[in-house]
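Welcome! Keep the structure open beside you and follow along.

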Amino acid sequence: MRSNVAQYELVAPGSLDAVLALLAAEPGAWTPMAGGTELMVALGAGRLEQRKLVSLWGINELRQITANDDWLTIGAAATFSDIRENAVVAKEFPLLARAASWTGAIANQNRGTLGGNIVNASPAADSPPVLLDYEAEIELVSAQGERRMPYSEFHLGYKRTVLKPQELVKAVHLPRGRRLPVEYLRKVGTRNALAISKVALACVGAMQSGKVHVVRIAAASLRETPARLSATEAALLGHALTSERIQFARQALLQEVKPIDDIRSTANYRAHVAANLLEEFLEQMAASDSKTRP
Amino acid sequence: MSAVKMQSAEIRFKVNGAERRVNVPPMKRLLDVLREDLGLTGAKEGCSEGECGSCSVLLDGVLVNSCLVPALQVNGCEVLTVEGLATNGALAHIQQTFLELGGTQCGICTPGMMLAAESLLRKNPQPELDEIREGLAGNLCRCTGYMRIINAVRHSSQAPATAAVPAPEDAVHR
């Protein structure tokens with residue numbers, strides 16, 4: 001049943017400071033909304049519980065994408081289209097550009113924001129695994145000040161994050177100059193456009209002297225939050241990619257993931273597809289090594 | 001329910017070039033403002049969740065699903081709906097090619113489809129087939145099988161605005 005839209009309050013203070021003052025005055029009373037691609041769906045379906053919303057759309061200081069020598073900084077209200085069109089993202093963080101291109105269709109990408117995607121905290125979201133692989137940091141802001149932390153510490157549990165009621169995500173920072181030679185991203189969904197992932201794996205790595213020198217593996221829809229698969233990484237680090245080692249890594253992944261059965265897929269399917277994706281990535285790792293050897 | 005204050009806001013924005021002013025709840029969906037308050041029924045309601053694209057309009061030149069845009073966020077903006085595509089009674093080029101190449105059947109998806117095409121062609125006047133498919137991927141059609149729509153967009157990107165458009169050689173589903 002549709003909501004009675006007249007019962008919902010929406011205000012647009014127009015600046016970051018004004019939004020933060022509102023959040024500080026009544027912590028927890030106001031829900032921030034950027035492009036509305038999540039909350040407006042809930043409204044249309046008659047299940048939007050929050051009655052007081054504050055608009056972040058049009059606050060330019062939250063939408064900038066800027067780069068210095070060390071960091072690319074993406075404002076939380078930058079849209080997926082903004083991200084796709086950014087030259088530094090395209091050149092240095094191509095997996096993020098690809099993940100952005102999968103986040104709904106063009107009209108969704110024109111309104112959906114990176115910060116919204118992160119705060120919504122779906123384990124199936126497209127961008128978070130990539131942010132984990134690129135070792136992103138996240139900057140939070142409130143009227144009391146700012147704090148910054150590794151993005152890997154942001155998600156606490158299913159749909160739970162460290163964000164306090166009076167806080168906003170201000171920006172995501174990506175370290176520049178650390179790109180690794182092998183990058184892998186694959187999403188498995190019902191169709192390419194618009195489908196939410198059944199499972200997705202984002203991996204980066206480098207070989208050295210025939211062994212895995214660096215590897216980062218992050219997954220969507222395999223745990224209750226977007227997560228690095230650290231036991232799987234540990235099973236690979238420092239080892240040559242023999243068929244036995246690849247089997248061992250598959251087993252490590254299967255033990256580490258905690259997928260669920262839901263409307264989009266089953267736990268069993270997700271786990272085994274994830275292991276297959278891992279193997280596909282490891283084939284690319286092995287191939288990169290043979291290319292670099294004399 | 002009676003204790004809840006009914007919310008209302010004055011929204012001024014431009015629709016198809018004309019200044020409009022409405023007093024509506026700030027969370028009212030742009031789609032409903034267009035259809036109920038302004039009588040512009042070109043944008044259609046399909047899925048109500050940003051999947052089908054039948055409510056697509058251009059907001060400050062950017063393709064959006066009007067079912068997901070709250071009225072307050074269009075204050076001071078400019079909206080283009082399908083009603084604004086034709087000028088002085090003459091069909092826009094994209095409308096002409098949809099008509100001539102059978103890109104329209106039942107018509108529900110057509111307004112959104114044409115605005116998605118318009119958005120694509122403004123940014124990329126000569127799109128490749130893949131780019132047309134991506135540009136239209138958020139707009140679902142259950143009649144045409146898409147080939148005729150894709151052909152209409154392709155011909156709109158190629159032929160001069162007034163020329164008769166020939167039947168495409170690669171059209172399928174005749």
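**Exercise 1.** Which residue of S7(A) does A:Leu140 stand opposite?

*Solution.* Before we start, note that this is a predicted model, in which local features need pLDDT of at least 70, side-chain atom pairs count only at pLDDT 80 or more, and totals for chains, interfaces and linings use all residues. Residues are numbered from 1 along each chain as its sequence is written, while chains are lettered from A and ligands numbered from 1 in the order in which they are written.

Step 1: find the strands. Helices (H or I, at least four residues) and strands (E, at least two) are DSSP runs, numbered from the N terminus. Strand S6 of chain A covers residues 137-142 and strand S7 of chain A covers residues 145-150.

Step 2: look at the pairing, which requires that DSSP finds at least two bridges between two strands. S6(A) and S7(A) are antiparallel, with six bridges, and a hairpin of two residues links them.

Step 3: read off the partner. A:Leu140 stands opposite A:Arg147.

**Exercise 2.** Find the bridge partner of A:Ile138 in S10(A).

*Solution.* Step 1: locate S10(A) at residues 168-175; S6(A) pairs with this strand in the antiparallel sense over five bridges. Step 2: within S10(A), the partner of A:Ile138 is A:Val172.

**Exercise 3.** Describe the open sheet of chain A that contains S11 to S14.

*Solution.* Step 1: write down the order. The four strands follow S11-S12-S13-S14, with antiparallel pairing. Step 2: find the edges. S11 (182-188) and S14 (227-228) of chain A each have a single partner strand, so one side of each has no neighbour in the sheet.

Step 1: inspect S12 and S13. Nine bridges join S12(A), residues 199-208, to S13(A), residues 211-220; one pair of bridge partners is A:Met207 and A:Val212.

Step 2: look for a helix. H5(A), residues 94-102, lies across S11 and S12 of chain A and runs at about 15° to S11(A). Angles run from 0 to 180 degrees between N-to-C directions, and axes are lines fitted to C-alpha atoms, for helices over the stretch in contact.

**Exercise 4.** Describe how H3(B) and H5(B) pack.

*Solution.* Step 1: take the geometry. H3(B), residues 110-123, and H5(B), residues 147-158, pack at about 35° with axes 11 Å apart.

Step 1: list the residues that meet, where contact means C-beta atoms, placed from the backbone, within 7 Å. From H3(B) come B:Met113, B:Ala117 and B:Leu121, and from H5(B) come B:Ile149, B:Val153, B:Ser156 and B:Ser157.

Step 2: sort them by class. Ala, Val, Leu, Ile, Met, Phe, Trp, Tyr, Cys and Pro count as nonpolar, Asp, Glu, Lys and Arg as charged, and the others, Gly among them, as polar. This contact has five nonpolar, two polar and no charged residues.

**Exercise 5.** How many residues does each domain of chain B bring to the contact between them?

*Solution.* Chain B has domain 1 (9-84) and domain 2 (93-158), and 21 Å separate their centres, taken over C-alpha atoms.

Step 1: count. Domain 1 of chain B gives 13 residues and domain 2 of chain B gives twelve. On the domain 1 side, the largest share, three residues, comes from S3(B), residues 56-59.

How values were computed:
Contact = placed C-beta atoms within 7 Å. Domains from an automatic or database assignment.
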